[in-house]
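Subject: Structure for your review

Dear colleague,

I am passing on the structure we spoke about, and below it I have written out what was found in it. Please read the notes with the model open beside them.

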Amino acid sequence: MNDTSKHQGLRNQLAKLLEEKGITSKNVLDAIRLIPRHLFLDSSFENFAYQDKAFPIGADQTISQPYTVAFQSELLDVKKDDKILEIGTGSGYQTAVLCAMGATVYSIERQNKLFKKTSLLLPKLGFNPKKLIFGDGYKGLPETAPFDSIIVTAGAPFIPQPLMAQLKVGGKLVIPLGEENQIMTMLIRKNETQFEKHEYGEFRFVPLLEDKN
């Protein structure tokens with residue numbers, strides 16, 4: 001679990017690059033500077049960990065590009081102790097970013113291999129989500145709802161109804177919508193029945209799969 005001053009320097013450079021690309025949230029940039037992204041990757045990719053690129057992490061999944069992680073995190077506008085549901089734990093890097101920003105994180109992963117790996121890794125690095133769950137992200141986590149925010153880290157062909165239902169009034173759902181390429185979409189819950197929709201351009205994600213456990 002080696003994290004050196006060289007790695008820290010590379011993180012500082014990455015944060016600077018993300019700032020140049022338009023990320024303005026100090027909270028997000030501080031998290032990017034803090035988290036040793038190279039420890040979330042297969043060691044063969046370690047030298048590339050601080051490039052703004054996505055990489056495979058096994059089970060046909062990827063660790064998202066740092067810009068994508070930063071962009072989604074900035075949209076959430078995380079406040080300390082916000083209760084956030086993450087759909088798609090993956091490598092755990094996005095989970096760690098949310099924890100570093102002060103959120104209380106509940107995260108669901110449908111790939112057992114990734115779930116087991118990430119469950120061990122996050123506490124070792126000092127990041128302690130409230131709960132990591134092995135299960136179907138489409139269903140959300142009704143027993144713990146409502147959430148201040150919900151973040152989906154895989155491309156979804158539609159917005160799962162249970163996730164909309166589990167958002168508190170004033171809460172935000174950030175989800176990449178689409179089959180091949182996705183449009184980053186944010187829903188803000190205005191009241192019991194109404195949502196305000198915002199779109200933020202095209203991104204690429206692995207697909208969000210349903211009931212595949």
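In which strand does Thr 104 lie? Thr 104 belongs to strand β4, where helices (H or I, at least four residues) and strands (E, at least two) are DSSP runs numbered from the N terminus.

Before going further, please note that this is a predicted model, in which local features need pLDDT of at least 70 and side-chain atom pairs count only at pLDDT 80 or more, while totals for chains, interfaces and linings use all residues. Residues are numbered from 1 along each chain as its sequence is written, and side-chain values use heavy atoms, with hydrogens and water left out.

Apart from its neighbours within four places in sequence, Thr 104 is in contact with Asp 81, Asp 82, Lys 83, Ile 84 and Lys 130, contact meaning heavy atoms within 4.5 Å. Its C-alpha atom is separated by 10.0 Å from that of Phe 147, a residue 43 residues apart from Thr 104 along the chain.

Gln 111 sits in the loop between β4 and α5, and with a relative accessible area of 19% Gln 111 is buried. When neighbours within four places in sequence are left aside, the contacts of Gln 111 are with Ala 59, Gln 61 and Phe 134.

Ile 159 is found in the loop between β6 and α6 (161-165), and this residue is buried too, at a relative accessible area of 16%. Again leaving aside neighbours within four places in sequence, Ile 159 is in contact with Met 164, Leu 173, Ile 175, Leu 177 and Leu 187. Between the C-alpha atoms of Ile 159 and Val 206, which are 47 residues apart along the chain, the separation is 15 Å.

The sheet and the helices on it

What is the order of the strands in the open sheet? The sheet has seven strands in the order β5-β4-β3-β6-β7-β8-β9, with mixed pairing, two strands being paired if DSSP finds at least two bridges between them. Its edge strands are β5 (131-134) and β9 (195-203), each of which pairs on one side only. Neighbouring strands of the sheet are turned against each other by 15 degrees on average, direction ignored; axes here are lines fitted to C-alpha atoms, for helices over the stretch in contact, and angles run from 0 to 180 degrees between N-to-C directions.

Strands β3 (residues 83-87) and β6 (residues 147-152) run parallel and are joined by four bridges, and Leu 85 stands opposite Ile 150 in β6. Strand β8 (residues 182-189), by contrast, pairs with β9 in the antiparallel sense over seven bridges, with Glu 196 in β9 as the bridge partner of Ile 188. The hairpin that joins β8 to β9 passes through five residues.

Helix α4 lies across β3, β4 (104-109) and β6, and runs at about 170 degrees to β4. Helix α5 (residues 112-124) also packs on the sheet, where it touches β4 and β5, and its direction makes about 165 degrees with that of β5.

Helix pairs

The axes of helix α3 (residues 66-76) and helix α4 (residues 93-100) come within 11 Å and cross at roughly 40 degrees, and α3 and α4 are therefore oblique to each other. For these descriptions, angles under 35 degrees count as roughly parallel, over 145 as roughly antiparallel, 65 to 115 as roughly perpendicular and the rest as oblique. The contact involves Val 69, Gln 72, Ser 73 and Leu 76 of α3, together with Tyr 93, Gln 94, Val 97 and Leu 98 of α4. Helix α4 is mostly covered, since seven of its eight residues are buried, and just after α4, Gly 102 takes a positive phi of about 95 degrees.

Helix α1 (residues 5-20) and helix α2 (residues 26-34) pack at an angle of about 150 degrees with their axes 8 Å apart, which makes α1 roughly antiparallel to α2.

With best wishes

Key
Buried means under 20% relative accessible area, exposed over 50%, partly exposed in between (1.4 Å probe, protein chains only).
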